[in-house]
Number of protein chains: 2
Amino acid sequence: MPRTDVPQTTIQRLPLYLRALLQAEEARRPVVNSVDIAEMCGTNAAQVRKDLSYLGELGTRGIGYDVEALIAHISSVLGITQQRRVALVGLGRLGSALLSYRGFAERGFEAVAVFDSDPAKIGSRAGSLTVVSTDDFEAVLEEQDVEIVILTTPAGVTQQLADRAVAAGVKAILNFAPVRLTVPETVALRQVCLSTDLQVLSFHLAQGQQ
Amino acid sequence: MPRTDVPQTTIQRLPLYLRALLQAEEARRPVVNSVDIAEMCGTNAAQVRKDLSYLGELGTRGIGYDVEALIAHISSVLGITQQRRVALVGLGRLGSALLSYRGFAERGFEAVAVFDSDPAKIGSRAGSLTVVSTDDFEAVLEEQDVEIVILTTPAGVTQQLADRAVAAGVKAILNFAPVRLTVPETVALRQVCLSTDLQVLSFHLAQGQQ
């Protein structure tokens, strides 16, 4: 079902559309149109129609999109109809927050392993999991069949952990550490920079002060 | 200095370019070209040149961009040459993680107030700040001259807190709560959804499994 010809910028908006659709589903709305979706996502209706057109002929002109069908379709394109097995490395404050973030489980991501290098944390409970030493990183990643590794580790050790995850067969990395990682082209990498959104807001504040 | 004709998509990439430039500065590189910046940001050189062209005539053909000058220019466009006063609402795990996130202070954002509604947290220390009751929300926001409010609150109370922040004169809101907020057009709003990046990674995993 995934299509390789969907632009990257469209891919990045699909999760927003999915969230809007899940809200519509919660509100028991059977049908939404592109204006509804755009309003819920802070974009415009033309953009929504263009993005969704990459996924095929989905809507009905003058009526809109069937909420359930579009949820199923976008989920399928995003590859989240199957549960994805995720490991978290670095159980600091951000790691703990991510582990308890209910949005992950709801959207099809299951934490199956948690790693830390701090002896005080190793062996302790983190949600339903037991914290494992990074000494056992590769073995546990393979044993647990982990697909995605989330790194919330100090900058200095993050590239090395990424290398080890890749060597253990991990195909996707989500990096919260403030360091640019290098991974093979076959590995998907997303870099989260929590100050980016603040900087965008700052731009709008600066505009208002002109 | 901020230009209102810069496309929103360009604005969203400027923080990435800024981060790449700060890394180049750390590595004591005086000049970078668009290929360098693109590689550091995971985009392409044509996109970098186009984005930066919105900011004026900045580079020298065949040579590149002066790192210091471009850092100063992008910082100015983003309005982060001046310190921005930020308040955090909701001192749960995510809130605590954000408060200790060193990237915020480094990029020109200063936490000046922390709010919670839990009597067990009110009055306790959070970094260099004392946690204040949300009962005193408006008074402290005005007293501390807060420009940006970060919400990491339970979904059910978040719209109400956003309304109160707006009424107290706050001009920008960064929302981590899993709820869509409505704010006046004069207020800048960014919605952070931590599962979005995982969904984009999942798309790439699904492609690899075709």
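How are helix 1 of chain B and helix 2 of chain B oriented to each other: roughly parallel or roughly perpendicular? They are roughly perpendicular to each other, the class for angles of 65 to 115 degrees, where angles under 35 degrees count as roughly parallel, over 145 as roughly antiparallel and the rest as oblique. This is a predicted model, in which local features need pLDDT of at least 70 and side-chain atom pairs count only at pLDDT 80 or more, while totals for chains, interfaces and linings use all residues. Residues are numbered from 1 along each chain as its sequence is written, and chains are lettered from A and ligands numbered from 1 in the order in which they are written.

**View 1. Helix 1 of chain B against helix 2 of chain B.** Axes are lines fitted to C-alpha atoms, for helices over the stretch in contact, and angles run from 0 to 180 degrees between N-to-C directions. From helix 1 of chain B, B:Leu16, B:Tyr17, B:Ala20 and B:Gln23 meet B:Ile37, B:Met40 and B:Cys41 of helix 2 of chain B. The residues of this contact comprise 6 nonpolar, 1 polar and no charged (Ala, Val, Leu, Ile, Met, Phe, Trp, Tyr, Cys and Pro count as nonpolar, Asp, Glu, Lys and Arg as charged, and the others, Gly among them, as polar).

**View 2. The loop at B:Arg28.** B:Arg28 sits in the loop between helix 1 and strand 1 (31-32) of chain B. Its phi is positive, about 60°, although B:Arg28 is not a glycine. Most residues other than glycine have a negative phi. B:Arg28 counts as exposed because it has 7 C-beta neighbours inside 10 Å; a residue is buried if 20 or more other C-beta atoms lie within 10 Å of its own, exposed if 12 or fewer, and partly exposed in between, with C-beta atoms placed from the backbone.

**View 3. A:Ala87 in the largest nonpolar core.** A nonpolar core is a set of buried Ala, Val, Leu, Ile, Met, Phe, Trp, Tyr and Cys residues joined through C-beta atoms within 7 Å. The largest one has 122 residues, of which A:Tyr17, A:Ala87, A:Val149, B:Tyr17, B:Ala87 and B:Val149 touch the most other members. Neighbours within four places in sequence aside, the contacts of A:Ala87 are A:Val112, A:Ala113, A:Phe115, A:Leu141, A:Gln144, A:Val146 and A:Val149. Two residues are in contact if their C-beta atoms, placed from the backbone, lie within 7 Å.

**View 4. The loop at A:Asp145.** The loop between helix 7 (137-143) and strand 7 (148-151) of chain A holds A:Asp145. A:Asp145 is not a glycine, yet has a positive phi of about 55°. With 10 C-beta neighbours inside 10 Å, A:Asp145 counts as exposed.

**View 5. A:Gln159 in helix 8 of chain A.** Helix 8 of chain A covers residues 155-167. A:Gln159 has 18 C-beta neighbours inside 10 Å and therefore counts as partly exposed. Not counting residues up to four places away in sequence, A:Gln159 touches A:Val179, A:Leu181 and A:Thr182.

**View 6. Helix 4 of chain A and its cover.** Helix 4 of chain A (residues 67-77) has as buried residues A:Val67, A:Leu70, A:His73, A:Ile74, A:Ser75 and A:Val77. Their cover includes helix 1 (8-26), strand 1 (31-32) and strand 2 (65-66) of chain A, together with helix 9 of chain B. After helix 4 of chain A comes A:Gly79, with a positive phi near 70°.

**View 7. The contact between chain A and chain B.** Each side is listed here: 51 residues from chain B and 51 residues from chain A. Helix 9 of chain B gives the most to the side of chain B that touches chain A, with 14 residues. That side has 27 nonpolar, 15 polar and 9 charged residues. In helix 9 (residues 195-208) of chain A lies A:Gln199, which is buried, with 27 other C-beta atoms within 10 Å. Leaving aside neighbours within four places in sequence, A:Gln199 is in contact with B:Pro15, B:Leu78, B:Ile80 and B:Arg107.

Technical notes
Helix = DSSP H or I, 4+ residues; strand = E, 2+ residues; numbered from the N terminus.
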